[in-house]
Amino acid sequence: VDLLDFVDWTGVECLNQNTAHPLPNALKQGYREDEGLNLESDADEQLLMYIPFTQVIKLHSIVIKGPEEEVDLQSVHQAQAACNTLLYKFNMSISPQTVKLYTNKEHMGFSNVSDFPPSDTLTLSPENLQGKPVVLKYVKFQNVRSLTIFIEDNQSGSDITKVQKIILQGTTVETTDMKGLKKIEEH
Amino acid sequence: MVLEATMICIDNSEWMRNGDYSPTRFQAQADAVNLICGAKTQSNPENTVGVLTMAGKGVRVLVTPTSDLGKILACMHGLEIGGEMNLAAGIQVAQLALKHRQNKKQQQRIIVFAGGPVKYDKKVLEMIGKKLKKNSVALDVVNFGEEDEAKTEKLEALVAAVNNNDSSHIVHVPAGSNALSDVLLSTPIFTGDGEGGSGFAAAAAAAAAGGVSGFDFGVDPNLDPELALALRVSMEEERARQEAAAKKAADDSSKQDKEGASSSQDATMSENVATSASESENKKDDLMDDENALLQQALAMSMDDPATTTVNTRDTDMSEAAADDQDLALALQLSVQEGAKDQSGETDMGKLLADQSFVSSVLASLPGVDPNDPSVKDLLASMQNQPEKKDEDKEEDK
């Protein structure tokens with residue numbers, strides 16, 4: 001189940017993001033489908049995202065998709081002769097590589113990422129970057145109120161990191177959603 | 001109205017003893033700090049401000065971010081001057097203090113007063129700047145005191161490294177007769193990226209120096225034209241009200257004279273045009289008479305004498321315009337036009353006012369009125385539309 005509905009948008013923060021390419025581009029429903037909109041880092045290649053949830057959830061897996069980029073036409077022509085269609089190739093170099101997840105830690109900064117061992121560390125492979133979900137250590141994510149995603153570096157070590165899409169998949173713990181409570185009709 | 005936590009880094013190094021800013025650099029800095037604290041707290045009551053010193057024995061936090069202005073003012077007392085300014089350490093401690101602020105929703109900002117020389121490398125400063133940007137901390141630098149090209153260059157590089165979407169600024173204040181605080185008032189440090197601060201700036205300017213750069217109410221009309229206009233209009237209204245109240249008794253006789261003068265509409269128009277033109281030129285001398293005219297017009301309107309009303313109103317309008325409030329005058333003219341709608345004098349009035357060139361020439365002759373002022377132009381344009389609309393309405397009625 002996509003946990004997008006349970007994200008508490010008022011508390012979502014992202015450090016070191018380029019304000020022209022902020023976190024909602026990667027998280028929000030409409031935006032993340034748009035290939036033109038990415039989350040981009042600013043001063044250096046690390047990104048720190050803080051995502052609180054409206055209720056307690058269990059996180060099962062996560063999808064982090066790197067940016068797609070147009071391939072230079074010339075190189076396409078070198079590979080295949082008369083081809084006018086543009087090929088989309090995932091730009092490997094600036095997609096995230098090492099990602100650390102921390103649960104239930106509020107307002108982390110870049111200075112205290114090393115103070116606290118992550119709940120999980122992922123190294124993203126090319127398949128992951130194309131959309132294959134990374135299955136997490138489920139036992140560590142049983143009781144998650146907020147998630148901090150720390151992107152430590154990217155595939156090639158370049159100065160900026162771009163993220164196309166982030167999907168969080170999991171389930172809710174059995175708490176009642178107060179909005180869903182409806183009055184039982186009197187017969 | 002941005003919710004912000006600010007740390008102000010004060011330079012209390014030996015270089016602050018110098019008197020090239022009155023009374024001493026340190027005192028000027030202290031005044032500026034007080035002003036900033038006030039401005040920040042006023043723009044949003046939940047803002048917090050903290051203060052630390054960069055020189056002396058070492059970087060020392062005097063007060064952690066708080067919204068209590070008294071605490072901040074109190075800690076500024078008894079500060080000792082000495083040592084050398086440690087910019088890098090100061091900024092880093094400020095960053096740490098902001099990190100541990102109570103309300104995490106506040107934006108982080110550091111304001112540095114850099115008076116003494118900067119001994120750090122440009123590279124080091126740029127790295128610090130990058131770190132600040134990464135943690136989304138904005139930085140404002142007030143470069144005063146020592147004038148040194150290298151120092152200016154380093155500080156510019158620092159602010160450029162931190163700057164994200166124009167949220168960080170650097171201000172250079174050269175030594176001179178202007179007080180440090182006054183110069184800062186007009187900078188983005190006070191105006192808070194263009195919003196919110198100008199009200200406080202106006203009040204502070206009025207209290208402190210009384211019209212800093214010659215603008216009437218301490219508010220630059222270019223920075224905030226609506227505020228300047230509103231202040232001007234309210235002052236005019238207040239003045240008019242007071243003087244009308246003061247002169248209520250003395251003017252019946254002169255009013256009678258005015259009424260006698262109007263024979264026909266056109267004649268009256270041209271007469272009053274002439275009188276108002278001359279009045280406008282002598283406005284400074286004839287201020288009393290103008291106020292009389294205003295009062296007579298009020299009385300005449302209450303007496304419900306249409307011809308005289310329009311005539312006197314026009315007269316009054318011109319004199320009010322002459323009293324340096326062309327916008328109010330034009331607005332009055334418009335409203336008078338509305339009132340005079342059913343009266344025969346309307347057409348002539350409309351024609352006269354619709355004569356754009358005439359109006360602009362009269363306005364040009366008024367001292368202190370710039371016909372190129374956008375607000376005047378807008379009113380002229382709307383006036384132009386008004387007479388046209390009136391003609392349309394008239395045709396419809398007929």
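Select Arg109(B) and Asp140(B) to start: both of these residues are buried. Keep in mind as you go that this is a predicted model. The two form a salt bridge, with their closest N and O atoms 2.7 Å apart. Arg109(B) sits in strand 4 of chain B and Asp140(B) in strand 5 (residues 137-143), so their pairing ties together parts that are 31 residues apart in sequence.

Glu84(B) is in the loop between helix 2 (69-75) and helix 3 (87-99), while Lys119(B) is in the loop between strand 4 (107-114) and helix 4 (122-134), 35 residues apart. Are these two buried or partly exposed? Glu84(B) has a relative accessible area of 40%, so it counts as partly exposed, and Lys119(B), at 48%, is partly exposed as well.

Hop over to chain A and select Glu40(A) with Lys162(A). Here the side chains meet in a salt bridge of 3.8 Å, N to O. Glu40(A) belongs to strand 2 (residues 39-40) and Lys162(A) to strand 10 (residues 162-163), so this pair ties together parts 122 residues apart in sequence. Glu40(A) is buried, at 11% relative accessibility, and Lys162(A) is buried at 17%.

Next stop: the greasy bits. Select Phe53(A), Ile62(A), Leu101(A), Ile149(A), Ile166(A) and Leu168(A), which have the most contacts inside the largest nonpolar core, a set of 31 residues. Elements giving two or more residues to this core include helix 1 (24-27), strand 6 (96-103) and strand 9 (144-154) of chain A. Which strand gives the largest share? That's strand 3 of chain A, with 8 residues.

Zoom in on Phe53(A). Leaving out residues up to four places away in sequence, Phe53(A) touches several others, including Leu3(A), Phe6(A), Val7(A), Leu147(A) and Leu168(A).

For the last stop, go back to chain B and select Ala88(B), Ile110(B), Ile128(B) and Leu132(B). They are among the members of a second, separate core of 27 residues.

Note on methods:
Residues numbered from 1 in each chain as written. Chains lettered and ligands numbered in written order. Predicted model: local features only at pLDDT ≥ 70, side-chain atom pairs only at ≥ 80, totals over all residues. Heavy atoms only, no water. Salt bridge = Lys/Arg side-chain N within 4 Å of Asp/Glu carboxyl O. Helix = DSSP H or I, 4+ residues; strand = E, 2+ residues; numbered from the N terminus. Buried < 20%, exposed > 50% of the residue type's maximum accessible area, 1.4 Å probe, protein only. Core = buried A, V, L, I, M, F, W, Y, C linked by side-chain atoms within 4.5 Å. Contact = heavy atoms within 4.5 Å.
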